[in-house]
Amino acid sequence: MAIIGSILLLVSVIYSWSFIEENSGLDKYYTLVLLLAAGMFGMMLTGDMFNFFVFLEITSIASCALIAFWTNKGKAVEAAFKYIVISSLAALFVLFAIALLYGQYNALNIAVLGSAIQFSYLDKIALVLLVAALAMKAGIVPMHMWLPDAYGRAPASVTIILVGATQASLYGVFRVCFTLYGNTINLSPTSIGWIIVLLGVITMLIGVSMALIQSDFKRLIAFSAVAEIGFIFLGIGTGLTLFANNQMFGLIGSTAMSGGIFHIINDSLDVGLLFLVAGAVYYATKETSLDKMGGLARNMKYTTILFIIGLLAISGIPPMNGFASKLLIYESTFQLNPILAIVAILSSIMLLAVFIKVFHSAFLGPAQPKFSAVKEVPKTMLLAMGIIASLIIIFGLFPDLIINNIIEPAVNSLINYNEYIKQVIPTFTGGF
Amino acid sequence: MSMFESLLNTLETGSGFWNPIVWLVSILIIFLIVHILRGFGNKNYKINTEQTKPFLSGNPEYEKEKMHIKGSNLYWGFTESLKWIFDILKKMHTGNVSDYVLWFIIVISILFLAVGLI
């Protein structure tokens with residue numbers, strides 16, 4: 001997670017070099033970017049619940065300021081307002097959940113709490129509040145509505161870091177379910193795994209359906225990003241559903257979780273690249289409406305090639321990275337319930353249709369007289385997009401290398417939560 | 001195992017496998033076969049002649065820039081036939097932050113039911 005966060009941050013700064021050079025307040029911009037990065041990394045790496053809350057707040061405040069960076073546009077300020085209302089509410093519920101856990105166990109360390117948790121009445125309340133608040137920050141349907149507003153109005157160089165921050169919240173959900181509640185989550189009368197699967201399926205379908213009817217380039221990508229988060233939830237939910245059954249988890253669950261976590265990385269890269277392309281198109285044409293675009297491939301050849309790479313990757317077309325992670329999710333969810341895999345494949349096909357619409361309406365077609373003076377974007381912006389496109393191709397061509405060296409250790413650290421607890425508390429003798 | 005060999009490893013997916021290098025080689029071979037077959041085709045095609053102009057059922061051709069199908073019109077048939085679904089989805093997305101909070105409360109209530117608190 002931190003590796004991917006670092007890549008997104010580096011790419012954002014390279015892209016910003018040209019993208020916002022004509023704006024004022026750049027000192028504040030870069031300060032806020034670093035603050036957002038600090039919050040994002042803190043959320044991913046901390047082992048303390050209260051620190052997690054503090055980093056969540058830092059991320060929210062920095063994100064809000066960056067979403068409203070173009071203050072001359074009223075809609076950007078409106079989107080930032082919505083974002084801060086939603087973020088404050090989520091943070092408040094996270095804080096309340098932490099207070100409930102602290103009140104019972106007199107501890108804030110995740111490993112200590114994980115070793116002591118009993119799944120009492122208050123623990124259940126804390127679980128619901130943490131999962132709901134972090135799922136809202138991750139953009140799960142029907143709590144996703146702030147996401148297209150925020151992603152759509154922020155500068156493209158900011159949106160790519162916001163994608164990383166959203167994934168950090170998503171990772172927070174997994175840490176809560178596995179590391180914090182891993183010993184007791186199977187005591188719930190309804191499987192939390194099935195709830196996550198259901199939320200994932202709804203997120204995929206609604207995200208992709210809404211993306212199909214958008215005419216604004218960035219809002220369309222934002223709804224596609226929502227759909228992609230559904231895929232991740234589907235993979236992880238499948239793993240969590242089979243968590244109690246050792247044999248089934250070994251056969252299907254671990255593959256589903258590998259697919260889900262691999263898709264976090266792939267989604268960040270694919271959606272990130274598409275947002276940067278949307279930013280490049282805006283930089284060159286000052287236009288975001290797909291209805292007013294056309295024929296841009298004639299003037300912006302490199303940007304068009306980069307868009308095609310993003311299109312293929314997000315739609316799960318081989319040999320791009322999105323295919324490898326989606327294949328793991330399709331095959332594992334098919335064995336849990338074939339309908340889930342059918343819905344996932346249908347969503348992927350619709351994603352392809354969504355981005356073919358963008359490709360046709362923005363890049364193909366006859367040359368438009370109003371875009372005759374449009375030129376290719378500066379080299380730093382191409383370099384930033386090129387870095388992500390290269391990673392998409394490398395991750396797509398060598399998926400086994402990524403899964404063995406990055407994904408498997410991440411999956412193992414989530415499912416072997418007792419090992420994590422033992423590393424922090426050497427005297428811990430095992431779970432329930 | 002050498003680094004090169006590990007790059008060529010096949011991804012095991014539980015009930016299947018995926019090797020992008022094999023896929024790429026297969027695609028290249030298919031393209032080669034298609035290219036050879038294309039070589040046997042009719043060579044009477046003449047660019048920039050009447051032969052290459054679009055036929056619009058006898059209707060006159062508009063100026064080129066007006067012929068471009070806009071994004072909103074591209075899937076008109078699909079969106080029109082599923083209008084009732086899209087209308088419901090659009091109605092959900094009010095843009096009002098109070099509604100965003102309402103959805104959050106609804107999800108929390110459902111989760112409370114699911115974990116047996118209510």
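pLDDT is the predictor's confidence in each residue, on a scale from 0 to 100. Keep that in mind here, since what you're looking at is a predicted model. Chain B comes out with an average pLDDT of 84, and 92% of its residues score at least 70. For the model as a whole, the scores are ipTM 0.90 and pTM 0.92.

Now look at where the two chains meet. On one side, 54 residues of chain A are in contact with 42 residues of chain B. Several helices of chain A give two or more residues to this side, among them helix 4 (74-105), helix 9 (192-212), helix 11 (246-285) and helix 13 (321-336). Helix 6 of chain A hands over the largest share, seven residues. Sort chain A's side by class and you get 35 nonpolar, 13 polar and six charged residues.

Next, the nonpolar core. The largest one holds 187 residues, and the members that touch the most others are A:Ile67, A:Ala132, A:Leu273, A:Leu276 and A:Met385. Helix 11 of chain A gives the most to this core, with 20 residues.

Finally, have a look at helix 13 of chain A, one of the helices on the side facing chain B. Its 16 residues reach 24 Å from first C-alpha to last, close to the 22 Å expected at 1.5 Å a residue. Helix 13 of chain A is also mostly covered, with 14 of its 16 residues buried.

Note on methods:
Residues numbered from 1 in each chain as written. Chains lettered and ligands numbered in written order. Predicted model: local features only at pLDDT ≥ 70, side-chain atom pairs only at ≥ 80, totals over all residues. Contact = placed C-beta atoms within 7 Å. Helix = DSSP H or I, 4+ residues; strand = E, 2+ residues; numbered from the N terminus. Nonpolar A, V, L, I, M, F, W, Y, C, P; charged D, E, K, R; others polar. Core = buried A, V, L, I, M, F, W, Y, C linked by C-beta atoms within 7 Å. Buried ≥ 20, exposed ≤ 12 C-beta atoms within 10 Å, placed from the backbone. Expected span 1.5 Å × (residues − 1).
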